[in-house]
Amino acid sequence: MEHYNMNLTLKVWRQKNGKSNGSFESYQVKDISSEMSFLELFDVLNEQLIRDGKDPIAFDHDCREGICGACSMYINGQAHGPWQKNTTCQLHMRAFKDGDTIVVEPWRSKAFPVIKDLVVDRTAFDRIIQAGGYISVNTGNAQDANALPIDKKDADAAFDAAACIGCGACVATCKNGSAMLFVSAKISQLSMLPQGQPERETRALNMVAQMDKEGFGNCTNTYACEAECPKGISVANIARMNREFLRAGMNSED
Amino acid sequence: MGLTGLFLITFLIVHCGLNAMIFFNDGGDTFNHWAHFMGTNLIIRTMEIGLFLFLLLHIVQGLMLVSQNNAARPVKYAVNKAEKNSKWYSRSMGLLGTLILLFLVLHLYHFWVPSRMGGLGSIHALEETSLPSYAGQEAHNLYKEMLVVFQNNIVVVIIYVLGVFSLFWHLLHGFQSAFQTFGVNHKRYTPIINTIGVLYSVIICLLFASMPVAMYMGWVS
């Protein structure tokens, strides 16, 4: 792939903290390499801001190899930018050309309040996991893995659901700010495996209840979440969650 | 939303099927026969109450969705390319539903009000639209009423076609969406359901739209 340098205009959401009102600031960056990651662009910009004695832009990042889900940026109107099945760190500057203006915003959701600039508080997801996204494990030695027969299809489907990295792009993208794709991936992953059976029903009920409590919106099946998910989590998981929820409701004794 | 939607989808099949009787082009004899049955049968009349309740419930659920979902994103995006990840009509169900509701008010005023309220608020002379008798009971000539409404008024015909056009997009999303809500998402069956949904939306809406057009053009008289 041909390498080139570009000059860009960045419009970045700046917000001091959760209580203050934010606004867009424009920045000029020069000689950006097409081989850089989008996060490296922000590293360059922040060095420039620090040199100028200004407050650098706060943004989440961790692994920088597309598996942690930290890099939450809404770039030019799309979660993680224009590439599909992709995180911000894996978005490369060759997605843009010289002279482009790039607008960068934080995830916008009532359940993901802004902490500073582009950093949002995603602990709502942690609380949903705490409400039921776990399994019972007996103490003592680990069992022999082969003692639990699992159908290959179930194992594969559970693994596909487990690929969810909890980045929140589904919530950010959904016109309703719904967390159904995330929650359904977490419920699906455990409901298809024998280890997940003891809490299967309470899990479905409690995680859905916590999701509603956090203030996420409702699913209207636009499937935007699936299209923007960096891990390609399927909306078939949402249908499975609906089945699990219905089943749990029918079987519940209270 | 899915449950009430599927009920309304079922109703549309009956409604469209019976109305299509006008295409027998027999001066409305077959159509009026069935219209009379629908208007007088006790089971159908009871289901009519259910239909209005489900319609109301569908609207209430829709309004609740809109208010909760708006609250879930208090600060909107400055730039949002929703067209990159979802179909416009799947994101516009509230707008399409509102358009259908507006159309429905006019539609009920045209046909349901005169036939149920015995002419109260009727826009046409009753003598003209009443049949002498049907097994001893007086019956409305609904067919004639359709002719009166559609034959000479291009504006009404256009409004009806636009109303049905809104309905088409609403159904195109709603049909398959209802199944997803009920947890039906299957490798083999979902493509079949989606195909049926598209065929259903196209056939129902083409038939509905062709009725006022056919009457205006004089193909059915």
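## A buried isoleucine in chain A

Ile165(A) is buried, with a relative accessible area of 18%; buried here is under 20% relative accessible area, exposed is over 50%, and partly exposed is in between, with a 1.4 Å probe and protein chains only. This is a predicted model, where local features need pLDDT of at least 70, side-chain atom pairs count only at pLDDT 80 or more, and totals for chains, interfaces and linings use all residues. Residues are numbered from 1 along each chain as its sequence is written, chains are lettered from A and ligands numbered from 1 in the order in which they are written, and side-chain values use heavy atoms, with hydrogens and water left out.

You'll find Ile165(A) in the loop between α3 (152-162) and α4 (169-173) of chain A. Helices (H or I, at least four residues) and strands (E, at least two) are DSSP runs, numbered from the N terminus. What does Ile165(A) touch, not counting residues up to four places away in sequence? Its partners are Gly66(A), Ile67(A), Cys68(A), Gly69(A), Thr87(A), Pro230(A) and Lys231(A), with contact meaning heavy atoms within 4.5 Å. Pro149(A) is 16 residues from Ile165(A) along the chain, and their C-alpha atoms are separated by 26 Å.

## Another loop residue

Now for Glu199(A), which sits in the loop between α5 (180-191) and α6 (200-213) of chain A. Glu199(A) counts as buried because its relative accessible area is 12%. Setting aside neighbours within four places in sequence, Glu199(A) is in contact with Tyr134(A), Ile135(A) and Ser136(A).

## Two domains in chain A

Chain A splits into domain 1 (5-116) and domain 2 (123-251), with bounds that come from an automatic or database domain assignment. The C-alpha centres of these two domains of chain A lie 29 Å apart. Their contact takes 17 residues from domain 1 and 18 residues from domain 2.

The size of an interface is often given as the accessible area lost when the parts come together. Between domain 1 and domain 2 of chain A, the buried area (accessible area, 1.4 Å probe, that two parts lose on being put together, summed over both) is about 1,400 Å², and carbon and sulfur atoms give 56% of it. On the domain 1 side, Lys85(A), Ala111(A) and Phe112(A) lose the most area to domain 2, together 32% of what that side buries.

## Where chain B meets chain A

How many residues of chain B are in contact with chain A? There are 28 from chain B, against 36 residues of chain A. The area buried between the two chains is about 2,600 Å², with 47% from carbon and sulfur atoms. Arg73(B), Tyr77(B) and Asn85(B) supply 24% of what chain B buries against chain A, more than any other three residues.

The count between the chains is 25 residue pairs in polar contact (both at pLDDT 80 or more). A polar contact is a pair of N or O atoms within 3.5 Å; within protein, one must be able to donate a hydrogen and the other to accept it, and residues adjacent in sequence count only if both atoms are side-chain atoms. On the side of chain B that touches chain A, α3, α4 (88-91) and α8 (154-181) each supply at least two residues, and α8(B) gives the most, with five residues.

## One exposed residue in chain B

Ile43(B) lies in helix α3 (residues 42-71) of chain B. Is Ile43(B) buried or exposed? Ile43(B) counts as exposed because its relative accessibility is 59%.
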